[in-house]
Amino acid sequence: MSRQDEITSNLNSIKERIASACRRCGRDPAGVKLIAVTKTYPASDIEIAVGAGCENIGENRVQELEEKSPLLVCKPVVHLIGHLQTNKVAKAAALADCIHSVDSLRVLEKLETVCGSIDKKINILIQVNTSGEESKSGCSEIECAEICAVAAKSSFCKLRGLMTIGPLDGTDEQNRASFRMLKRIAENNRQFFCDGTFELSMGMSGDFEAAIEEGATMVRVGSGIFGKRNYA
Ligand SMILES: *Cc1c(COP(=O)(O)O)cnc(C)c1O
């Protein structure tokens, strides 16, 4: 099978699974955005995914995004989903349309300054650590409320919602507990989101259906579309 056929067929099956999950919980599939996570996969795979109708792509690392961006002919909507260090904020601001991993006031303030200097509005999500695992990035519930309050007053950073990563090797119930917690935190901070509505970026290849049933509006799927990842 050609790479194109492989990716297209995987994409179609993920889309069908999204539609089924929506049907199970009475949601409109139009309310769930599929983000094809392209980290470690070549720019040519991004072309194929975008060509097959998946215009939202997600990258983890600013440097990798910087390397692949000039190779692209297509114009995807770029989501930065990996941990963001303050020294990478300027590059991230220039390359991404939406940043899912704002998890400190420091990063938010830097992003606001940088976006102001290039006169660019950027969509942001606050990443919350809902699993309690210390290795995970993401802020606490209390920090999230503080960051949301400041983001709401920003001119260039548009606060759109929250993002989380479920527990590593979590059971279905543990994953759902994480997703429910994210939704509860978003509801508690509803006043701070643009347009009075919020995105919930949650769910990956292994748990996106549960995430949809718990209210995800963005799912981040990599290996389910592109196959096993080679980190070498
Ligand atoms: C890699 C990654 C994904 C996608 O993971 P898969 O298991 O390959 O679907 C989603 N979100 C984040 C933050 C990631 O780093």
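The following dialogue examines how terms are applied to a predicted model.

Tutor: This is a predicted model in which local features need pLDDT of at least 70 and side-chain atom pairs count only at pLDDT 80 or more, while totals for chains, interfaces and linings use all residues. Residues are numbered from 1 along each chain as its sequence is written, and side-chain values use heavy atoms, with hydrogens and water left out.

Student: Why is the pair Arg17 and Glu209 called a salt bridge?

Tutor: A salt bridge is a side-chain nitrogen of Lys or Arg within 4 Å of a carboxyl oxygen of Asp or Glu. For Arg17 and Glu209 the N to O distance is 2.9 Å, so the pair qualifies. Arg17 belongs to helix H1 and Glu209 to helix H8, so the pair ties together parts 192 residues apart in sequence.

Student: What makes Glu214 buried or exposed?

Tutor: Buried means under 20% relative accessible area, exposed over 50%, and partly exposed in between (1.4 Å probe, protein chains only). Glu214 has 12% relative accessibility, so the residue counts as buried.

Student: What makes Asp195 exposed?

Tutor: The relative accessible area of Asp195 is 68%, so this residue is exposed. Its salt-bridge partner is Arg160, at 3.3 Å from N to O.

Student: Why is Arg160 called partly exposed?

Tutor: Arg160 has a relative accessible area of 25%, and therefore counts as partly exposed.

Conventions. Helix = DSSP H or I, 4+ residues; strand = E, 2+ residues; numbered from the N terminus.
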